[in-house]
Amino acid sequence: MLTIGEVAKKVEISIGAIRFYERKGLLKPAARNEQNNRLYLEEDLNWLVFIKCLRETGMSVEDIKKYYDQVNEGTSTLKERTKLIEDQKQKLLNDIEEKKRSLFIWITNWSAIIVEKIINISLVQ
């Protein structure tokens, strides 16, 4: 079993984040030792890695909770879980396209400004 500090280090998240996920019901309550310290299994560590990945995609805590609850309901929710992941994938793809458009506009505007400055410098000399 791993302490909360060991898990935090391995998953590269804060101890506070682990406690937060536990409070929000994204992680089953940890076992406790004689000193009342939280203890986690390897499967908890693996689930935290998955939560971290989902959060990095921008998935909300609420949607991760929904996914977690569906996992605990069993294979009958596989279709719903797949849809949650697919929806998140589409949100990411849409976000990427929006960022590409923004970047294109930014580059176009700055290019125009730079060309204008070069022309103005040339005219002054």
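**Exercise 1. Decide whether Asp69 is buried, partly exposed or exposed, and describe its salt bridge in this predicted model.**

Solution. Asp69 has a relative accessible area of 31%, and therefore counts as partly exposed, since that class lies between the buried limit of under 20% and the exposed limit of over 50%. The next step is to find its partner, which is Lys65: the two side chains meet in a salt bridge, with 2.6 Å from N to O. Both residues belong to helix H4, where they are four residues apart, about one turn of the helix. Lys65, with a relative accessible area of 26%, is likewise partly exposed.

**Exercise 2. Work out which parts of the chain are linked by the salt bridge between Asp44 and Lys28, and classify the accessibility of Asp44 and of Lys28.**

Solution. Begin with the contact itself, in which the closest N and O atoms of Asp44 and Lys28 are 3.4 Å apart. Asp44 is placed in helix H3 and Lys28 in the loop between H2 and S2, 16 residues apart, so that the pair links distant parts of the chain. Turning to accessibility, Asp44 counts as buried because its relative accessibility is 6%, whereas Lys28, at 32%, is partly exposed.

**Exercise 3. Describe the salt bridge of Glu98 with Arg101, giving its place in the structure.**

Solution. The closest N and O atoms of Glu98 and Arg101 are 3.0 Å apart, and both residues lie in helix H5, separated by three residues, about one turn of the helix. Glu98 is partly exposed at 40% relative accessibility, and Arg101 is partly exposed with a relative accessible area of 46%. Elsewhere, salt bridges that share partners join Lys28, Glu43 and Asp44 into one network. The structure holds eleven salt bridges.

**Exercise 4. Determine which elements build the largest nonpolar core, and which of them gives the most residues.**

Solution. This core has 24 residues, and those with the most contacts inside it include Val7, Ile13, Tyr40 and Leu48. Two or more residues come from each of helix H1 (4-11), H2, helix H3 (42-56) and H4; among these elements, H3 gives the most, with five residues.

**Exercise 5. Identify the residues of the nonpolar patch on the surface and state their accessible area together.**

Solution. The patch is formed by Leu103, Trp106, Ile107, Trp110, Ile113, Ile114 and Ile118, which together have about 690 Å² of accessible area.

Note on methods. Residues numbered from 1 in each chain as written. Predicted model: local features only at pLDDT ≥ 70, side-chain atom pairs only at ≥ 80, totals over all residues. Heavy atoms only, no water. Patch = residues over 30% accessible without salt bridge, like charges linked within 9 Å, V, L, I, M, F, W, Y side chains within 5 Å. Areas by Shrake-Rupley, 256 points an atom, 1.4 Å probe, with all protein chains shown as cover. Salt bridge = Lys/Arg side-chain N within 4 Å of Asp/Glu carboxyl O. Core = buried A, V, L, I, M, F, W, Y, C linked by side-chain atoms within 4.5 Å. Buried < 20%, exposed > 50% of the residue type's maximum accessible area, 1.4 Å probe, protein only.
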